[in-house]
Amino acid sequence: MKWTRDPRLAAIAEKVEAGERLDFEEGMHLYRTRDLNGLMRLANLTRERLHGDKTYFVHSMRLEFTNICYVGCTFCAFAARKGEERAWDYDVEDVVAHVRSKWEPGITELHMSSGHHPNRPWAYYPAMVRALVEHFPGLQVKAFTAAEIEHLSRIAKKPTLEVLRELKEAGLAALPGGGAEIFADRVRREVARNKVKSEKWLQIHREAHSLGLRTNATMLYGHIETLEERLDHMHRLRDLQDETGGFHSFIPLAFQPLGNTLAQNLGKTEFTTGLDDLRNLAVARVYLDNFPHVKGYWVMIGSELTQVSLDWGVSDIDGTILEEHIAHAAGATSPLGLSKQKLVEMIRRAGRTPVLRDAFYNELEVLGEVAVDAAD
Ligand code: V47
């Protein structure tokens, strides 16, 4: 039996099966095909060719050391102005004390990204990283988006490469993928006018990779971008990955529509649909043939859909996180964090093999499959 009635998808499938790269028009057809099962099949084929059933997660903690930010991205509900009652801003000692107060044995990754604080001196940032690795030996600090790195280079009056080098010397392990939003100028002007420009975002990741720092890449979707602009975003990332090979994972971020001016201006109160989330993950998995992982971010799409996404190309579900504020400020209804056990169960109940990893994607423990009753 022919598995698809979409002849164009059948031709694309032949290329994917042969391990050949898709061009832009073929990528667009993945967004347009009505054969969602066929798309799922291709994404799953790609995912299983790379990882089999293995599904990765990390015992992690999230920390936003300040929400003070002067940038004014229209999608953001997290940022506060200095002096506002809801603003916070941790000194280095507060950061260490906060991590200690939330600490769980076994945590390997601390993921930090925060607002662009207008006045903190440059010395604060390497001092924070140094203090964290001194107080929590073995902790892998994944911190500072490319947008933050550009901001720090202005404060430090040093090139971004030098900022990255000094942060690495202080103990920085990797960079998260935030701040990418959508690279297309039309959208960026509307949603992140004062933030790092797309070419600079890519250049900072290129520089990080040249120093041996691995990074991630995100894409904020579900607002005013077109499907072409989503694929253009992925295309630019695929090009950079060809050049450096330094990205670990691609993470689509579903727009959370509450409490931000972008949603208000659009009159938007609805979250992205499950189908859009799944299709987007699948397109990413097939198109980004040189990315090791596509991540299903349970914070923004919920844990149920994240489970389903394991059949749609996803091989990584981020981590325990413990306490997330950026998505929750904008209406995310997921819990603030999930236990390690919950993540293991999510993966097992989706019929996959949980693998505990660290921030470098070293496999720490393969938790094995167990026969699970669907009613469990
Ligand atoms: O940079 C802000 C986005 C990012 C909203 O690297 C929003 O492993 C949706 O980058 N709706 C922070 N998104 C989160 C992030 C991330 C998440 C998970 C894993 C990794 C990783 C990185 O969240 C921001 C911005 O792009 N964001 N507001 C919103 N209303």
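The model is a predicted one, where local features need pLDDT of at least 70 and side-chain atom pairs count only at pLDDT 80 or more, while totals for chains, interfaces and linings use all residues. Numbering runs from 1 along each chain as its sequence is written, and side-chain values use heavy atoms, with hydrogens and water left out.

Glu-181 sits in the loop between strand 5 (172–175) and helix 8 (185–191); helices (H or I, at least four residues) and strands (E, at least two) are DSSP runs numbered from the N terminus. Although Glu-181 is not a glycine, its phi is positive, at about 50°. Tyr-361 is another non-glycine with a positive phi, here about 65°. Its loop runs between strand 10 (353–357) and strand 11 (363–366), and Tyr-361 counts as buried at 13% relative accessibility.

Glu-181 also turns up by the ligand. Some 24 residues surround the ligand, going by a heavy atom within 4 Å, and the closest are Lys-142, Gly-177, Glu-181, Gln-256 and Lys-295. Polar contacts (pairs of N or O atoms within 3.5 Å) include one at 2.8 Å between an N or O atom in the Lys-295 side chain and a ligand oxygen. A polar side-chain atom of Asn-216 is 2.9 Å from an oxygen of the ligand, and a polar backbone atom of Phe-75 is 2.9 Å from a ligand nitrogen. On its own the ligand has 610 Å² of accessible area, and the protein covers 97% of that (Shrake-Rupley method, 1.4 Å probe).

Then there is the largest nonpolar core, with 108 residues; such a core is a set of buried Ala, Val, Leu, Ile, Met, Phe, Trp, Tyr and Cys residues joined through side-chain atoms within 4.5 Å. Phe-144, Leu-167, Trp-201 and Met-234 have the most contacts inside it. Helix 12 (residues 274–287) gives the most to this core, seven residues.

Helix 1 (residues 7–17) has Leu-9, Ile-12, Ala-13 and Val-16 as its buried residues. Seen down the helix axis, these fall within an arc of 105° (taken from the directions from the axis to the C-beta atoms), so they line one face of helix 1. They pack against helix 2 (24–32), helix 3 (36–51) and helix 12, contact being heavy atoms within 4.5 Å. The face turned away carries exposed Pro-7 and Glu-14.

Key
Buried means under 20% relative accessible area, exposed over 50%, partly exposed in between (1.4 Å probe, protein chains only). A polar contact is a pair of N or O atoms within 3.5 Å; within protein, one must be able to donate a hydrogen and the other to accept it, and residues adjacent in sequence count only if both atoms are side-chain atoms.
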